[in-house]
Amino acid sequence: VRQRPDILAAEALLHQASANVGVATSNLYPRLSLSASYGSESAKVNDLFGSGSSVWGLGAGLLQPLFRGGELRSKKRAAEAAYDQALANYRDVVLQAFRDVADTLVALDTDSRQVNLASDSEQAAAEMLALMQEQFEAGAVNRIELLTANQQYTQSKAASARAAATQLADSAALMHALGGGWWNKNNIAPVVASEK
């Protein structure tokens with residue numbers, strides 16, 4: 001389920017919150033900056049690129065927050081609280097994803113049993129209809145009994161089709177709950193249409 005878009009979004013928010021904690025922590029410490037430059041300098045244009053006209057420089061700077069009134073510590077605590085919230089949200093999203101998959105798997109198991117029962121019922125109704133047709137041709141039953149058997153067979157056939165449709169719908173729901181698309185991973189070469 002890791003490829004589900006909701007899990008990927010929650011995971012990205014968690015990474016962002018973690019990075020914000022790191023930034024807030026680093027702001028508590030002094031900043032050291034180093035710089036360097038290189039060039040050439042001359043009073044005459046002809047001597048600009050000649051020997052002895054090279055200039056270079058190094059620089060360093062140190063910036064230390066002296067008094068910010070607890071602002072930096074408060075920002076760090078706020079970043080940590082945002083991280084805790086993002087982590088809780090990520091856990092909730094993952095648990096919901098697993099709940100969706102589990103519920104769909106239970107539904108598919110129930111659907112499988114329903115399809116088997118409907119198929120058995122349809123087969124029994126078909127056998128009953130065949131028996132009623134033989135008895136009608138022999139004159140043992142009237143037309144109303146034959147029509148009733150035909151109606152029962154038609155109803156059981158429709159119930160079997162509904163059970164199969166429900167099973168297919170729940171199969172699609174399982175693909176959705178799993179995030180789908182795992183068969184299109186990056187290691188599979190894309191199909192490129194040839195130009196004519």
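Lys76 and Glu80 form a salt bridge, with their closest N and O atoms 3.7 Å apart. A salt bridge here is a side-chain nitrogen of Lys or Arg within 4 Å of a carboxyl oxygen of Asp or Glu. Both Lys76 and Glu80 lie in helix H2, four residues apart, about one turn of the helix. Helices (H or I, at least four residues) and strands (E, at least two) are DSSP runs, numbered from the N terminus. Lys76 is partly exposed, at 24% relative accessibility. Glu80 is also partly exposed, at 32%. These classes follow relative accessible area: buried is under 20%, exposed is over 50%, and partly exposed is in between (1.4 Å probe, protein chains only).

The model is predicted; local features need pLDDT of at least 70, side-chain atom pairs count only at pLDDT 80 or more, and totals for chains, interfaces and linings use all residues. Residues are numbered from 1 along each chain as its sequence is written, and side-chain values use heavy atoms, with hydrogens and water left out.

Helix H2 spans residues 71–138 and holds another such pair, Lys75 and Glu71. Their side chains meet in a salt bridge at 3.0 Å, N to O. Lys75 and Glu71 are four residues apart, about one turn of the helix. Lys75 has 46% relative accessibility and counts as partly exposed. Glu71, at 31%, counts as partly exposed.

A search of the whole structure finds six salt bridges. One of them joins Glu11 to Arg2, with the closest N and O atoms 2.6 Å apart. Elsewhere, salt bridges link Arg4, Asp6 and Asp100 in a network.

Confidence was then examined along the protein. The average pLDDT (the predictor's confidence in each residue, from 0 to 100) is 85. Of the residues, 80% score at least 70. Helix H2 has the highest confidence, at a mean of 95. The lowest is in strand E2 (residues 54–63), where the mean is 69. The helix that carries the Lys76–Glu80 pair is thus the element with the highest confidence. Over residues 188–196, pLDDT stays under 50. For this stretch the model has one contact (heavy atoms within 4.5 Å) beyond four places in sequence.
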